[in-house]
Amino acid sequence: MQPRDLSDHAEYQAGRGIEEVARELGRDPAEFVKLASNENPLGPSPAAIAALEDAASDVHHYPTAAHADLTAALADEWGVADEQVWLANGGDGVLDYLHRATLAPGDDVLVPTPGFSYYGMSSRFHHGGVAEYEIPRDDGFDLTADCVLDAYDGERVVHLTSPHNPTGGRFSLDDVETIAEETDEETLVVVDEAYGEFTDAPSALGLVRDRDDVDGSRPSAGRAKRDDVAVLRTFSKVYGLAGVRLGYGLVPEAWADAYARVNTPFAASALACAAGLAALGDEEHREATVETAAWAREYMRAELDAPVFESHANFVLVEVGDAAGVAEALKHRGVIVRDCTSFGLDDCVRITCGTREETERAVDALNEVLAA
Ligand SMILES: *Cc1c(COP(=O)(O)O)cnc(C)c1O
């Protein structure tokens, strides 16, 4: 017996972990700083750690109440109905649910290149195909409605990442609206805002909901409320909970009840829900995280002796020449960054915003490598 034909399926290339690299080099893990996976350098919110400890003794129960509580808190935060909040096992899980709710076998999704590889992987898991739109490097990877619409050919789902990984650029709300307007009625535009908290740009949720008093994202009266835009958010980045796997989709009212038909019986664990609820309430941790990232990306732009693309997220993309060689040399200096060759950018590395100390160390190390 064999699995089905998986020759089109690619493996996800995760950023490398400290333990793995330290073992390979025969060094002490404490000597390394990992700035490869856009994790939170401040760690999780202390409130989330306490909530995880509290919830541990209750994990013999299914997470019925915890699920409902977190959903209600997020609905309140965003000014939408509970049904519009789709909890999932990470942002990746949200992509699976959105595809499961929309794709019939043979339907295609349109994804950015360079871009996050899981969009295409998830489509293939759901017997869908993948088409790409190119983000033009000539224009500094500027994200525009045109670069998407020029490639659009009736795909069922169009994926936008804003702020974008790995470039750090973002779409304007007007461009998202234009894309939604110009694509077919039955095309869903997914706006992946995994890094949304790091930018002051309004969420694309403003195109989907009635209320305009939540975060100012629906400022211009006259925008029509849409039923073809969904937003992805995650607790992995700003909330520092990448290890618990928690994300959520915010979907239009009109088809929000599809969740009940496509989700696994409990999409997020009791521990994840407890940690997420506590983190959501910890504004101080969130603000400190956003400030640290804003400082670090400006510092890297100013101090690195290489071109750095403007970023609205918690990382920067840096043009270094030989990305694999530079990443390897940095690793020997104890700094782990993301070689972007797997994104199709073999001359760029992506560096996560660290603490001040970590960021300064990364900048010094990279400048040394570039000078050598
Ligand atoms: C990190 C990330 C996600 C979500 O990651 P999860 O850990 O699964 O929540 C989604 N999209 C992009 C572009 C990301 O970088």
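I looked up the ligand surroundings in this predicted model, and of the 14 residues around the ligand I noted Gly 91, Asp 192, Tyr 195, Thr 234 and Lys 237 as those that come nearest.

For Thr 234 I found an N or O atom of the side chain 2.5 Å from an oxygen atom of the ligand, while for Ser 236 a polar side-chain atom lies 2.7 Å from a ligand oxygen. Lys 237 also has a polar side-chain atom by a ligand oxygen, here at 3.2 Å. Next I checked how far the ligand is covered: taken alone it exposes 380 Å², and the protein buries 94% of that area.

I turned to the largest pocket, for which I recorded a volume of about 960 Å³. Its lining consists of 43 residues, and the closest to the pocket centre are Tyr 12, Gln 13, Phe 116, Ser 117 and Asn 165. I listed the elements that give two or more residues to this lining, namely the helices α4 (90-102) and α5 (118-125) and the strands β3 (108-113), β4 (129-134) and β7 (229-234); the largest share, 4 residues, comes from α5. Sorting the lining by class, I noted 16 nonpolar, 15 polar and 12 charged residues.

Note on methods
Residues numbered from 1 in each chain as written. Predicted model: local features only at pLDDT ≥ 70, side-chain atom pairs only at ≥ 80, totals over all residues. Heavy atoms only, no water. 1 Å grid on protein atoms, 1.4 Å probe; cavity = no way out; pocket = protein on both sides within 12 Å on 5 of 7 lines; lining within 4 Å. Points joined across faces, edges and corners; volume = space filled by probe spheres on them. Nonpolar A, V, L, I, M, F, W, Y, C, P; charged D, E, K, R; others polar. Near = heavy atom within 4 Å. Polar contact = N/O pair within 3.5 Å; in protein donor to acceptor, adjacent residues only side chain to side chain. Areas by Shrake-Rupley, 256 points an atom, 1.4 Å probe, with all protein chains shown as cover.
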